[in-house]
Amino acid sequence: MSLSATTIFADAPLGAIIRWRDGSPRPPERHVRKTRDWEHRNGEGRLVERHAGSGQPTLDSFTVHEGDFGGGGVIVLRVRRVFGADSPLAFEIV
């Protein structure tokens with residue numbers, strides 16, 4: 001079931017796994033750059049924050065934690081994405 005970013009901002013519980021997509025098919029793996037760009041526009045993560053836009057709904061946003069990277073028990077890089085409530089992507093709660 002496809003949801004808008006505004007619905008995710010308003011109704012999704014913190015900690016929920018959110019999947020987003022742009023509707024385009026995944027390119028063949030041999031097209032490395034196209035595949036990387038597609039993966040940037042299509043992914044999933046855990047909803048960790050909401051940011052109210054000071055009374056202006058167009059400034060509302062939410063943050064999704066995509067993952068932690070590192071080694072030996074040390075987190076070197078934490079990847080988070082911020083989506084505006086006006087994002088054109090399709091979202092779903094997994």
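Biologist: Let's start with Ile8. Which residues does Ile8 touch, leaving out those up to four places away in sequence?
Modeller: In this predicted model, Ile8 touches Leu3, Ile18, Arg50, Phe62, Phe91 and Ile93.

Biologist: And what about the largest nonpolar core, how many residues has it got?
Modeller: That core has 14 residues. Ile8 is among those with the most contacts inside it, along with Ile18, Trp20, Phe62, Phe83 and Phe91.

Biologist: Which elements give two or more residues to this core?
Modeller: Helix 1 (5-11), strand 1 (17-21) and strand 3 do. Helix 1 gives the most, with 3 residues.

Biologist: OK, rings now. How many aromatic pairs turn up in the whole structure?
Modeller: A search finds 4 aromatic pairs. Take Phe62 and Phe91: the ring centres are 5.5 Å apart and the planes sit at 75 degrees, so this pair is edge-to-face.

Biologist: Why does that pair tie together parts that are apart in sequence?
Modeller: Because Phe62 lies in strand 3 and Phe91 in strand 5 (residues 90-93), the pair links parts 29 residues apart in sequence.

Biologist: Are Phe62 and Phe91 buried or exposed?
Modeller: Both Phe62 and Phe91 are buried. They also form one aromatic cluster with Trp20 and Phe83.

Biologist: Switching topic: how do strand 3 and strand 4 pair?
Modeller: Strand 3 (residues 61-71) and strand 4 (residues 74-84) pair in the antiparallel sense, over 10 bridges. For instance, Val64 has Arg81 in strand 4 as its bridge partner.

Biologist: What's in the turn between strand 3 and strand 4?
Modeller: The two strands form a hairpin with 2 residues between them. Gly72, in the turn, has a positive phi of about 65 degrees.

Key:
Residues numbered from 1 in each chain as written. Predicted model: local features only at pLDDT ≥ 70, side-chain atom pairs only at ≥ 80, totals over all residues. Heavy atoms only, no water. Pairing = 2+ DSSP bridges. Helix = DSSP H or I, 4+ residues; strand = E, 2+ residues; numbered from the N terminus. Phe/Tyr/Trp six-rings, centres within 6.5 Å; stacked < 30°, edge-to-face > 60°. Buried < 20%, exposed > 50% of the residue type's maximum accessible area, 1.4 Å probe, protein only. Core = buried A, V, L, I, M, F, W, Y, C linked by side-chain atoms within 4.5 Å. Contact = heavy atoms within 4.5 Å.
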